[in-house]
Structure formats: structure tokens, C-alpha cells
There are 2 protein chains.
Amino acid sequence: MFTIGELSKLTQLPVKTLRFYHEQGLLVPSYVDPDTGYRYYDQRHVETARAIVYLRNLEFSLSDIGQILDSSRDEDLLAVLLRQQSIVKERIKGLRKAAKSLDQFIVEERKARNMASTANEVQEKVLTPCLVGGIRTRGRYSDCGPLFGRLGRSLGRHICGSAMMLHYDCEYREDDADFEACMPVRRTLEAAGIDVRELPGGRCVSLVHRGPYDQLGHSYAQVFKYINDHKYKALSPSREVYLKGPGMIFKGNPENYLTEIQILVETGDA
Amino acid sequence: MFTIGELSKLTQLPVKTLRFYHEQGLLVPSYVDPDTGYRYYDQRHVETARAIVYLRNLEFSLSDIGQILDSSRDEDLLAVLLRQQSIVKERIKGLRKAAKSLDQFIVEERKARNMASTANEVQEKVLTPCLVGGIRTRGRYSDCGPLFGRLGRSLGRHICGSAMMLHYDCEYREDDADFEACMPVRRTLEAAGIDVRELPGGRCVSLVHRGPYDQLGHSYAQVFKYINDHKYKALSPSREVYLKGPGMIFKGNPENYLTEIQILVETGDA
DNA sequence: CTTGACTCTCCCGTTACTGGAGGCCGTAAG
DNA sequence: CTTACGGCCTCCAGTAACGGGAGAGTCAAG
């Protein structure tokens, strides 16, 4: 005869859990002292407890375990096992999908982190041509939210990068700007009201702006100063790539928003 | 402005859940009528709700999601993502182990089911030699429980089949039987008090007995009748293989216990 | 004005436990 | 003899993320 504490040591199950299993009828002591309420167990309970642990490791619920343990008809057993197997496999499938998305999320985040390290430095690079879907419009920049919404819904899983905006105006305009919201896509596709085409590549001056959008002006100034200093010629449209901002999942801190300004240029030696 | 029901339709989230998210501070309506208590949401909430759904699919807890959604410092974000990734991967690992055990369990169960279909028919087959670890003793059959316990503990993961018993007596004895509890093992190994060796193979008469152990006698009679009818000579020891019985995980119904009687024989034409 | 759809709050139930309060019992030490 | 300690008991509350239902108030259309 074991007390509950002894059984606990033998089975590695906490006392609380053993009491709970008693309450649930899974592991009923062979004797309960009517005066003290002490539970007393014997050898058989050690084995049952181990069986319970085993079945819990197979992710069975306690009620399933109860049925398995005192099922007199074992015709059900195979059915129960198969059911459990499909439950477990479904769960694994779901988790794997989650893990995959997480991986991708982490990659994106790392990329943004990388970009952040070169923030506020003007750089030159060569852009490769890039397929995008875009919606061009005229109005205020702040109205671009719904445009990206439409792009997201229409292009869905074909999107393969960060949202961007093309500015067709040569100078800054507040009210009546001519701009195009774009999303890079994996392949050409048809979508109503969306212009899917290739953006040209070429030599480009780039700067990753870190901070809220209302301070983009300073960064633009830097870029244009660089272009002038090098006697390049800026080509329209200029591009803003929203590496990190609000609207994707969570708002974050505007101080950490990352926006890459890209301006294609013609150099003297071209 | 949306009512809660409209937001529910837009987000595919149950009304109950939206109320719960409000309570948790995850999705606080932009306006709550102080008289009626009605919640009113706007477009931003649709997006936040989608973000919540997305993060829930990544298996984040609601409190994590809360932190992510209003984290002003996103330095943490990568850390949170990595933590979540490891949590998810751990969980997948655990579930895969469970799935594997389940698969094996199902295979065993199917095998037993197969054996059951040929129950109570005498058959001849050829046994291949088989490595076992055994403990031989003298006494009552009912005392074999602890022997199997010792075998299980000592041989552990090397066990590769059903428990069996060898009967060295030529006739049935109750009190002072000479028998050996055995477990088939994958490879030779040393274990104190356990005799690991190869059981010989050869032609054998077999019968799968279905039912409680106290009715084994009838099945033995059938086997011996078959042996006599065919003028075979029974070789000692006879074997009992416990295909399905109590003691493994759960007790089941004695009417469905499966025990294979195997008796090696010499045939006239050998 | 009525009706039916919608919404509100409040409470309970789920799963498999875990933690804590408060109390009983027996033994050992001071 | 008192105190402390360890083991046991019961009962209550809390976890995560909702779901179900009661009972009451609200909205918009006919």
C-alpha cells in the first residue's frame, strides 16, 4: 500500500495531479480511509499511472484515456487510435504552416534590420528590372491606404516584396500629386484596374530613411544633393519602398519606420 | 462605423470573440455608447482584427499579440518572433514523436486484429530462429507478472515483439511448473539474471487462442489432437505468445485476449 | 406599435492542471 | 508541554480562449 506521496515519487506525477485523476475517476485508490480521507494505492495503480502518462504523451485527452482504460470492448480501440492519429496529424500540419510563416516573417524582419543598419546613408546601386502591379492616381498621398488595400486583395499571394510608391511629380505637391501605389509580383497577371508591368532597372541613388514619414523631406534633400554633387540626372518617377511601416500587421514606432528612397539616374559616362 | 455584428461579418470572427478581444484590450471600439453599451468600430479595427487573426495563426497567445500590437519599441519584435518560433518547433517535435508512437501502436493493433481473424484455427508454419531474453523459474504461472516487469525494465528499448512464455513441463502443472518468461530482443545483450539466447526455429503447429487464459486448456487440446492426428512429435518447450492481453497499457476485455500457442514438431518426413 | 433581428451584461463550462488557504495528524526537538 | 515540521486532506480560485445561454434592452422596418 502506498500513500499518495509515495505513488507520486514512483510515477513522477505531482500529488495534485494524482488527486485530480482520482476526482476524474481515472486512478481511483484501492482504499480511502473514511476518517482521515487518506488515499491508499497499490502496485496496480503504478502501472495504470504509467499507462496514463503514456497515453497523455500520445496527446489523448483525459476523457479518451478514461474510455480506453476501462473499455471492455476493444473494437473501438483502433477507431480511437485512428481518430487520435488524424487529430495529431492535423495539428502538426497547422503548426508547420505557422512555423513556415514565422520563418518568413523572421527573414523579412532580419532584412529590415539589415537595411536599418545602413539607414540615412546615401548609396548607389544597380536595380534589376522588377515586375509590379500598380494603381496610378492623382490626389493626396494620405489617400494611398485603400489603394494598397485593393492591391493586396487583388494580387494576394503573388506579392513578393514590400509595397512601394512611384512619384511622377518633379517637385513636391501636397494636394494634387500624381502617384502610383505598387506591389512587386512574382509573375504577370490580369487584374481589373491594376496595371501589371515591368519597372526598368538601372543605376540608382538610394537612401534608407529611418523615422516618420513627415521627415522624409530631409532625406529627399540629401539624395538630391548627392545627385547634384555628382552631376547625375534624376529620372522620373522616383520610388519610395516601404520597408517597414504601419499597416503591415502592427503599427510599430514611427521613429523606426524604414522607407527607401530610390531615384534612377543617368550618369555622365553612360 | 460598424456595429459588432458587421465587424464580425467583415472579419469572420464571432461576435463573442470580438467582445472578448475588447475585454482584453486587444480591439477596443472607437466608440461605446454610454447609454446602450453598443460597441462601434471603424475601418482601422478591420485591419487590426485581421492582424490579430494572422498572429493567432502563428500560434501567438493573445497577451503576446497585445504586446506586439502596441509595442512602440520593435527591437523586441525579432526576439518575440524567435521565441515563438522555438516554441512552435518544440511543439511540432513533441507532436511528431506522439504521431510516431501512434503509428506504431496502430500497426501493432492491426497485427493483432489480423491474428484475431485466424483465431481458433490450428495452423502449421515455419518459425525462424528468434533472439530472446528470458528468466526461467519454477512456481505458479500467476507469478509471472513481476518477471515480465523485470524483463521490461532490463531489456527496455531492445524489445521487439510480444511477451511469451516457454513451458518446460510435458504436462500441465498448477503449483510447481517449470517455465520461462521471455521477450524477443533486437540484439544480444548482457543483463543480470537474464538469459539472452536464440530460440530455435523449425516447423511448428500454432493456434491463436481467443479468450481468457483459464480457457487455454481447450485450445491446447486442439493443438495436441492435431499433432497426434498427423503423427508429429511435439518438442519441448512449448511456447505461448501473448499477442494481446492485460498489462500492456490497458486491460481490455478478457474475451478478446489473444494468445498464440506454438509447439515445434518433428514430422515423419523430416 | 409591433416584430424580429441585434446587442448588452453576467455567469457558467470547457481542459488539465497549479497554487494557496486553512486544517488534521503524528513525530521529534527544545 | 509547546512548538515546529512534514504529509495529508478539502475547498476555492485561476489559467487560455473562448462558447453557450439567460434575461434584458435597442434598432429599424412595416
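Biologist: Which residues of α3(B) do Leu7(B), Leu10(B) and Thr11(B) in α1(B) meet?

Modeller: Bear in mind that this is a predicted model, where local features need pLDDT of at least 70, side-chain atom pairs count only at pLDDT 80 or more, and totals for chains, interfaces and linings use all residues. Residues are numbered from 1 along each chain as its sequence is written, while chains are lettered from A and ligands numbered from 1 in the order in which they are written. Helices are DSSP runs (H or I, at least four residues), numbered from the N terminus, and contact means C-beta atoms, placed from the backbone, within 7 Å. On that basis, those three in α1(B) meet His45(B), Val46(B), Ala49(B), Arg50(B) and Val53(B).

Biologist: How does the contact of α1(B) with α3(B) divide by class?

Modeller: Ala, Val, Leu, Ile, Met, Phe, Trp, Tyr, Cys and Pro count as nonpolar, Asp, Glu, Lys and Arg as charged, and the others, Gly among them, as polar. Sorted that way, the contact has 5 nonpolar, 2 polar and 1 charged residues.

Biologist: How are α1(B) and α3(B) set relative to each other?

Modeller: Their axes (lines fitted to C-alpha atoms over the stretch in contact, with angles from 0 to 180 degrees between N-to-C directions) lie 10 Å apart at about 50°. Under 35 degrees counts as roughly parallel, over 145 as roughly antiparallel, 65 to 115 as roughly perpendicular and the rest as oblique. So the pair is oblique.

Biologist: Which residues come closest to DNA strand D?

Modeller: A residue is near a strand if its C-beta atom, placed from the backbone, lies within 6 Å of it. DNA strand D has 18 residues around it. The closest are Thr3(A), Gly5(A), Gly37(A), Ser61(B) and Leu62(B).

Biologist: Which element gives the largest share of the surface near DNA strand D?

Modeller: By class, that surface has 6 nonpolar, 7 polar and 5 charged residues. The largest share is 3 residues, and its source is α2(B).

Biologist: And which residues come nearest to DNA strand C?

Modeller: Here too the surface holds 6 nonpolar, 7 polar and 5 charged residues. Of the 18 around DNA strand C, the nearest are Ser61(A), Leu62(A), Thr3(B), Gly5(B) and Gly37(B).

Biologist: Which residue of chain A has its C-alpha nearest the axis that relates the copies?

Modeller: Superposing by least squares on C-alpha atoms of residues with pLDDT of at least 70 in both copies, chain A goes onto chain B by a 179° rotation with 0.1 Å of shift along its axis (RMSD 0.2 Å). The copies are thus related as by a two-fold rotation axis. At 2.9 Å from the axis, the nearest C-alpha in chain A is that of Ile92(A).

Conventions
Helices (H or I, at least four residues) and strands (E, at least two) are DSSP runs, numbered from the N terminus. Two residues are in contact if their C-beta atoms, placed from the backbone, lie within 7 Å.
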